[in-house]
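Please have a look at the model below, and then we can walk through it together.

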Amino acid sequence: MDDPRGEDNERSMKKSDGAEDDGEGKKERVLHTRVPAVLERELKRFAENLRVPVSNLVRTILEDALDVADAASESVEDRLKRAAGRLEAERERLKKKMHADPLAHVFAFQPITLAQRATCAKCGKDLEPGDHAHLGLSDEPPQRARAARIFVCDACVPKK
Ligand SMILES: [Zn+2]
């Protein structure tokens, strides 16, 4: 008998690597960096604890580090090391950040017709050009918001 969990893990690891992406859609870069084994273990443990992929956790930590201090001279590895040192202390804060409502700062939704591909910020559904969707309007400065633009699909827009 196959172990469906094992299979699933393998698939999701491949996906999160991003290297096999079809080239369209995600324009994000894959960053490779060396991390000490202890740090890797700690990151994995923390990610499991939060039930999020390690890559998401690392990205959140890096974004967080950029938010906290604009230390341009610091390398990615130094930043990760420092962030990992704070993991225990900041566990709760990061936890909240990881699970933060992507629509928390949106004050209105404007119906729009998409001209480019987008992803629903709430359910993650892929949206195609020509699709009707809703643009979330936010006062939050773009560098603090999770994404510069927030789109949601018809199903996810709040209704009375
Ligand atoms: Zn949606």
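How far apart in helix H2 are Glu 40 and Lys 44, in residues and in helical turns? They are four residues apart in helix H2 (residues 37-50), and so separated by about one helical turn. Do keep in mind that this is a predicted model.

**Salt bridges**

Two salt bridges turn up in a search of the whole structure. Glu 40 pairs with Lys 44, and Glu 42 pairs with Arg 45. Glu 42 and Arg 45 also both lie in helix H2, three residues apart, which is about one turn of the helix.

| Salt bridge | Closest N and O atoms |
|---|---|
| Glu 40 and Lys 44 | 3.1 Å |
| Glu 42 and Arg 45 | 2.8 Å |

Glu 42 counts as buried at 18% relative accessibility, whereas Arg 45 counts as partly exposed at 49%.

**The zinc site**

The zinc ion has Cys 120, Cys 123, Cys 153 and Cys 156 as its protein donors, each through SG, at 2.3 to 2.4 Å. Because the four donor atoms subtend angles of 102 to 118 degrees, the arrangement is tetrahedral. Along the chain, the donors follow the spacing C-x2-C-x29-C-x2-C. Cys 123 sits in the loop between strand E2 (118-119) and strand E3 (126-127), and Cys 156 in the segment after strand E5 (150-152), so this pair ties together parts 33 residues apart in sequence. Cys 123 is partly exposed, at 45% relative accessible area, while Cys 156 is buried, at 17%.

**Confidence**

The chain has a mean pLDDT of 73, with 62% of its residues at 70 or more. Over residues 1-25, pLDDT stays under 50. Where pLDDT is low, the predicted coordinates should not be read in detail.

Technical notes: Residues numbered from 1 in each chain as written. Predicted model: local features only at pLDDT ≥ 70, side-chain atom pairs only at ≥ 80, totals over all residues. Heavy atoms only, no water. Donors = N, O, S within 2.8 Å, 3.2 Å for Na, K, Ca; no water. Tetrahedral: all angles 85-135°; square planar, octahedral: opposite > 155°, others 65-115°. Helix = DSSP H or I, 4+ residues; strand = E, 2+ residues; numbered from the N terminus. Buried < 20%, exposed > 50% of the residue type's maximum accessible area, 1.4 Å probe, protein only. pLDDT = per-residue confidence, 0-100. Contact = heavy atoms within 4.5 Å. Salt bridge = Lys/Arg side-chain N within 4 Å of Asp/Glu carboxyl O.
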